[in-house]
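This report walks through a few local features of one model, then turns to how some of its parts meet. Please keep the sequence and the structure at hand while reading.

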Amino acid sequence: MKLELRGITKRFGSLVANDQIDLVVNPGEIHCLLGENGAGKSTLMNVLYGLYAADEGEVLLDDEVVHFDGPGDAMEAGIGMVHQHFMLVPVFTVAENVMLGHEPTRAGGRLDLEQARAKVREIADRFGFHVDPDAIVEDLPVGVQQRVEIIKALSRDAQVLVFDEPTAVLTPQETDELMAIMRQLRDDGAAIIFITHKLREVREVADRITVIRRGKVVGEAEPTSTDAELASLMVGRSVELVVAKGEPQFSDALLEVENLEIVDRDGLVLVDDVSFEVRGGEILVVAGVQGNGQTELAESLLGLVEPSSGSIRLDGVELVGRSVDGFLREGIGFVPEDRSVDGLVGTFTVAENLMLDRLDGPPFVKGASLQIGARDEFARRAVEEFDIRTQSIHAPAGRLSGGNQQKVVLARELSRELRLLVASQPTRGVDVGSIEFIHERIVATRDAGVPVIVVATELDEALALADRILVMYRGRIVGIVPADTPRDVLGLMMAGIAPEEGSKVA
Amino acid sequence: MSASDDRPAVPAESPSVDPPGQGAATHTTKEPENRWSTAFREIVGGSWGVSVGAVLLAILAGSILIVATDENVRAAAAYFFARPGDMLSAIGSAAGDAYAALFRGSVWNYRADSFADGIRPLMVSLNYATPLIGSGLGLAVGFRAGLFNIGGQGQMILAAIGAGWIGFSLQLPWPLHMLLAIVVGMITGALWAAIAGVLKAVTGAHEVITTIMLNHIAFYLLFFLLATPGLLQAPGSANPKTPPMQSSAVMPKIFGSGYHLHLGFVLALLAVAATWWLMERSKLGFTFRAVGENPRAARVAGIDVGRTTVWVMVVSGALVALAGVTQVLGTSTTGFSTDVDAGMGFDAITVALLGRSNPVGVLGAAILFGAFRAGGATMQAAEGIPIEIVTVIQSLIVLFIAAPPLVRAIFRLPKPGSAPRRKAGDPAKEVAA
């Protein structure tokens, strides 16, 4: 089935999220929609899926204008969507999830589970997915859950498949498998829209590439284009993808983590006997697929999670057992993984957020009262220095774009005397222009002699920033390797396969 | 940059991250909590337009009730088709007379001969407003910090016990005695509220439950104290009532003995200013608001959420206690009984809602409610309209304020204007693109 979007325009108030977008996707083609976060890709797909009504323009299926009032209509017409965050019921089985919303029934309204099972088996066999229809979804690995989403779409006879940032949660190996599946679906005649901002994946599977920037189609590219060409199309100028940084100049500062163990409330070991050191002036990247203990490790370095055993020493001073405030007073800068939840108070102004964790005393607090003048002056300087794009320092921080929110967090954390910086996924959901800037600031902190820990789930970021890379899998350290370790070795390590002995010591 | 639409707010992932391979399927489970806390924030912190609109709508609905129960209107309705003008004029005079009486009883008595008599209704209104200001401020501080303090009744009772006991039992010179009674009353009320704060901080017990339970405990504690000779009961009496306050502990009348308005009103105004400063300009208030808006970010910023919760309850309880103190030392100084709170702990919820949890807004809302109460009495006396109509209007105000966010939360409707012409529920939650 051929899909065509013609002149789609979608406005939110004064903001034009989609501006006269044309897009044609033919059957048997993988069409890549490339653009930074905030470029308007997801808005466009929500228009296609009937979640938003376009202000102008029309959607055509096989050259006929169609009109969708909701996802139900879109599914009916043969459009399936695989979401970045899976829309599955964790406690249901695969078959139950697949039939959800479309339940086959027997006489008397009884569910026909057997028919759903058969459907799952049939689709799984056709594409060589190894999925048990009776497995409980929450027991399945992420990659398999994603296949359940695909089966769900295919079970409704979807002929146009939209993959919305499908690789964000996958290991490199799982990503490769997904790409193989996408090729197979294409060869089977499906029209595929693949939304991503990862350049490597685009070049690997795309038949055609459309680049969107600020709500407009800015060009088409060939799969043979280089990373630099694609990136410059995305951001409108050429981007340095590699961070310029010299050899580490070590200082005397030292973070030592020894035999750290973190156990959750159910007794599950999340961080298992982890020991490492970070010296002042180097960046240690903690890599791994999300959910392998990196989050808890990072949080324990700010006292947010109390380890069940082990020690954290900064310049020889034991920190375990202190309150968060006690950690902050030692000069620890912390960039949380989820800035909108943990890093900012969305309803507070930019200026208020810039002083959120600096209530200890001057310059922002004198006695019991806030120093509004000092706060606003600092905010104005920070907005300028960190190029935070906001209407005013009194605008609510929640209204800023992801990249600018992250700059607010960084401005706050980097504007004081630091003895350790812990940054969790500092560029997640941040546009390419801001990534460069954020990376520069992190490297500048390292060059000032501060030990820096960056938690990264994307290999590109790990390789760009790291002096050394620590890979975690199921709460354990798989290995600590130098930054020039080949990608495929790191990929295997992220799947829990230790590198050959000898390269383990870095 | 169009990030707001491209990356909708995704419900927070659970803080305890799932074991490897199970990360993605848990998103939906957190959603309801988010939905309700959003509704809570919208109800307690919405826009001024909603407040004004709610009052107008409630008054309109109140007039319908007045008109529908008016005998002249009903009599005229019997021959409506013969002479419709009769019914219309009956409607006009019923509603008009009622609100004229309300105005006469609450703001300015235009039938009085002198200015001194004409202004008396306003003084009565302000007098009724005094305890509502304090208790409304207490509730508002809680709302801003994300806490729903239903314990106004208990805190007022404890404040009355503290202030009252000092007030009738000690022998001290005037300003000192009164000040001591005020301070002790506020402290006992604050400590009573702190119990709920500590329970929440340590055990996670919800403050709505604990404050309601503490109301009952406070009520029966006062009942016991009043019924036991030698404690609060007036000597030589079998009634459950305290002795009158000593004159050295009583708050003086502001405009002389001709008017009821007493020093408590000035204290309430000071409390408005102090609360504004606390919430907008002080470090403590900053932590209150941070914890109320986003406790997780507050925790990451090194704010001790548990300790802040206790402090919020202490401040909230102290402000509510001010209401209890002014009742026993200012409004009725002849001793008090178990009905000392007069339901004001609950009226305060309405006042704080209508005032948008903003100190100045609370002041306005409290005066409006004081006027309703004062004018309602005149309305009953002059026009025979039951004073309950005032309660109906107050309840309707709450309904109109609370309903839109509540209805949206229940039916998962999108916020009007946020995404026009959309049929399904919030796609941010469904698609999480």
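A polar contact here is a pair of N or O atoms within 3.5 Å, where, within protein, one atom must be able to donate a hydrogen and the other to accept it. The model is a predicted one, and every value below is computed from it.

With that cut-off in mind, a polar atom of the side chain of A:Thr390 lies 2.8 Å from the backbone oxygen of A:Ser392. A:Thr390 belongs to the loop of chain A that runs between helix H13 (372-385) and helix H14 (402-414). Leaving aside residues up to four places away in sequence, A:Thr390 touches A:Val350, A:Val383, A:Ala395 and A:Leu400. A:Leu400 is 10 residues from A:Thr390 along the chain, and the C-alpha atoms of the two are separated by 6.6 Å.

Two backbone features deserve a look of their own. Most residues other than glycine have a negative phi, and most peptide bonds are trans. A:Gln20, a residue other than glycine, has a positive phi near 50°, and A:Gln20 is found in strand S2 (residues 15-25) of chain A. A:Pro362 and A:Pro363 are joined by a cis peptide bond, and A:Pro363 sits in the loop between helix H12 (350-354) and strand S19 (365-366) of chain A.

| Backbone feature | Angle |
|---|---|
| A:Gln20, phi | near 50° |
| A:Pro362 and A:Pro363, omega | about 5° |

The domain assignment divides chain A into domain 1 (3-235), domain 2 (240-331 + 417-506) and domain 3 (347-416). The contact between domain 2 and domain 3 of chain A takes 17 residues from domain 2 and 12 residues from domain 3, while the C-alpha centres of these two domains lie 26 Å apart. About 1,300 Å² is buried between them, and carbon and sulfur atoms give 59% of that area. Of the area that domain 2 of chain A buries against domain 3, A:Leu328, A:Phe437 and A:Arg441 supply 37%, more than any other three residues.

Helix H10 (324-329) of chain A, and helix H12 (283-293) and helix H14 (305-331) of chain B, each supply at least two residues of the lining.

How values were computed. Residues numbered from 1 in each chain as written. Chains lettered and ligands numbered in written order. Predicted model: local features only at pLDDT ≥ 70, side-chain atom pairs only at ≥ 80, totals over all residues. Heavy atoms only, no water. Helix = DSSP H or I, 4+ residues; strand = E, 2+ residues; numbered from the N terminus. Contact = heavy atoms within 4.5 Å. Domains from an automatic or database assignment. Buried area = accessible area lost by both parts, 1.4 Å probe.
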